[in-house]
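Dear colleague,

Please find below the structure I promised to hand over. My notes on the strands and helices follow it.

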Amino acid sequence: MTLLGDHVDRLTQALPALRRASPTLAGWGGDLATRLLGGARLLAAGNGGSAAEAQHLTAELVGRFDRERRPFSAIALHADTSSLSAIGNDYGYAQVYARQVRGHARAGDVVMLFSTSGRSPNLLAAAAAAREVGATSWALTGPGPNPLARACTDAVCLPGDTATVQEMHLVALHMVCRAIEEAVEGRSGLSDADVVG
């Protein structure tokens, strides 16, 4: 069917950009491994499908990707629906992530923001809040340049329509997870108590 073939073609056209981003994603993974092993945490956020990607990433870190290791501290900011709705009600939806970043993030933590447009006001506010508290902010976005990429410490901007970008974000977050677990295996001497099988 031509429609579905076109979908696959769009993914194929976007893959070279993901390959070019591999050094950055590998760097993020190595950096995160160091921070997480040292007790830092990852906060992740997005809207809609990007929220699902953020939660997928945090699940891989608190659980595991493909290797046994200790659990890491990672929080998907949209998942606390009571906080999300209370903040939205009291401060407006543009503040639902920024207020949580101010509450949870500390210097040395990483705030990872997923956005297909790179223009979501609540993610821009979260990036600003990360700067205020001394946290590092990384963005996975759609085509750049865009405001979120400019607002963050570092960014990977991937081409394509919304669906293609979301699918590339899934691959990118798995690449980061793979880099984290490779780095953790190389740097930490895990004891039996550290690993739950």
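Five strands make up an open sheet in the order β2-β1-β3-β4-β5, with parallel pairing, where strands and helices are DSSP runs numbered from the N terminus (E, at least two residues, for strands; H or I, at least four, for helices) and two strands pair if DSSP finds at least two bridges between them. The edge strands, each pairing on one side only, are β2 (73-76) and β5.

This is a predicted model, in which local features need pLDDT of at least 70 and side-chain atom pairs count only at pLDDT 80 or more, while totals for chains, interfaces and linings use all residues. Residues are numbered from 1 along each chain as its sequence is written, and side-chain values use heavy atoms, leaving out hydrogens and water.

Strand β4 (residues 136-141) is largely enclosed by the rest of the structure, because six of its six residues are buried (under 20% relative accessible area, with a 1.4 Å probe and protein chains only). Thr136, Trp138 and Leu140 point one way from β4, whereas Ser137, Ala139 and Thr141 point the other way.

On one side, β4 runs parallel to β3 (residues 110-115), joined by six bridges, and tryptophan 138 is the bridge partner of methionine 112. The chain passes from β3 through helix α6 (residues 121-133) to β4 in a right-handed β-α-β crossover (clockwise from the first strand over the helix to the second, with the strands pointing away from the viewer). With β5 (residues 154-157), β4 pairs in the parallel sense over four bridges; leucine 140 has valine 156 as its bridge partner there, and threonine 141 has cysteine 157.

Best regards

Terms used
Buried < 20%, exposed > 50% of the residue type's maximum accessible area, 1.4 Å probe, protein only.
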